[in-house]
Structure formats: C-alpha cells, structure tokens
Amino acid sequence: MDRRRHPRVNVLLPIRLWGVDAHAQPFMQTASARNISSHGAVIRGVHRQIRPGEILEVQFGEEQAQFRVVWVGKLGTRREGEIG
C-alpha cells in the first residue's frame with residue numbers, strides 16, 4: 001500500500017527544464033516528467049549535475065513554473081539522470 005499523502009499519476013510528459021547546475025553553469029534541456037502529483041514529480045533524462053535545493057524552471061506546453069529539487073538520483077544507479 002502506498003503511504004503517500006497525495007496521489008500520483010504515472011505519465012510520460014515532454015518538458016523543457018532550465019536553471020543552474022552544480023558547477024554554477026546555466027543550462028536548458030528537454031527531459032520527461034513522470035510519476036506526478038499536485039506537489040511534485042520525477043523528472044528523468046537530466047544530463048546535468050543538479051544539487052538538492054536548487055530552483056529550476058519547468059515548462060510543459062505553454063505552462064511554466066519553478067520547482068525546488070529535493071532529491072537527485074545517484075550516479076551509477078538506476079535513478080541516475082532523475083531528480084524529484
């Protein structure tokens with residue numbers, strides 16, 4: 001049984017993601033949002049090193065918002081390239 005407070009939906013949505021990476025370099029790239037809820041999402045296909053706490057811009061279609069990164073998938077694991 002899932003103990004999450006907010007229901008999640010498994011989807012795969014193309015997004016545009018931009019901000020500043022762990023080396024203080026600005027970036028912009030396409031990625032995919034999956035497993036989304038009203039309070040968060042898993043973003044996969046991230047090609048830059050991002051630190052938790054970083055604020056990133058996310059755009060889906062014409063909608064755009066800022067989000068704070070709370071976790072980053074570890075290198076060498078199946079979560080590599082994912083942020084939440």
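Some ground rules. Residues are numbered from 1 along each chain as its sequence is written, and side-chain values use heavy atoms, with hydrogens and water left out. Because the model is predicted, local features need pLDDT of at least 70 and side-chain atom pairs count only at pLDDT 80 or more, while totals for chains, interfaces and linings use all residues.

Let me start with the strands, which are DSSP runs of E of at least two residues, numbered from the N terminus. Two strands pair if DSSP finds at least two bridges between them. Strand 2 and strand 3 are antiparallel, with four bridges, and they make a hairpin with two residues between them. Ala33 stands opposite Ile43 in strand 3. Strand 3 also runs antiparallel to strand 6, residues 82–83, over two bridges; there Ile43 has Ile83 as its bridge partner.

Next, the salt bridges (a side-chain nitrogen of Lys or Arg within 4 Å of a carboxyl oxygen of Asp or Glu). The structure has three. In one of them, Arg48 meets Asp21 at 2.9 Å, N to O. Arg48 is in the loop between strand 3 and strand 4, and Asp21 is in the loop between strand 1 and strand 2, 27 residues apart.

For exposure, buried means under 20% relative accessible area, exposed over 50%, and partly exposed in between, using a 1.4 Å probe and protein chains only. Arg48 is partly exposed at 33%, whereas Asp21 is buried at 6%.

Which residue does Arg34 bridge to? The partner is Glu82, with the closest N and O atoms 3.1 Å apart. That pair links strand 2 to strand 6, 48 residues apart. Arg79 also bridges to Glu82, at 2.8 Å, N to O. Arg79 is partly exposed at 31%, while Glu82 is buried at 9%.

Last, the pockets. On a 1 Å grid over the protein atoms alone, where a 1.4 Å probe fits, a pocket is an open set of points with protein on both sides within 12 Å along at least five of seven lines; lining residues have an atom within 4 Å of a point. The largest pocket is lined by 31 residues, and His39, Gly40, Ala41, Val42 and Phe67 lie nearest its centre. Strand 5 gives the largest share of that lining, five residues.
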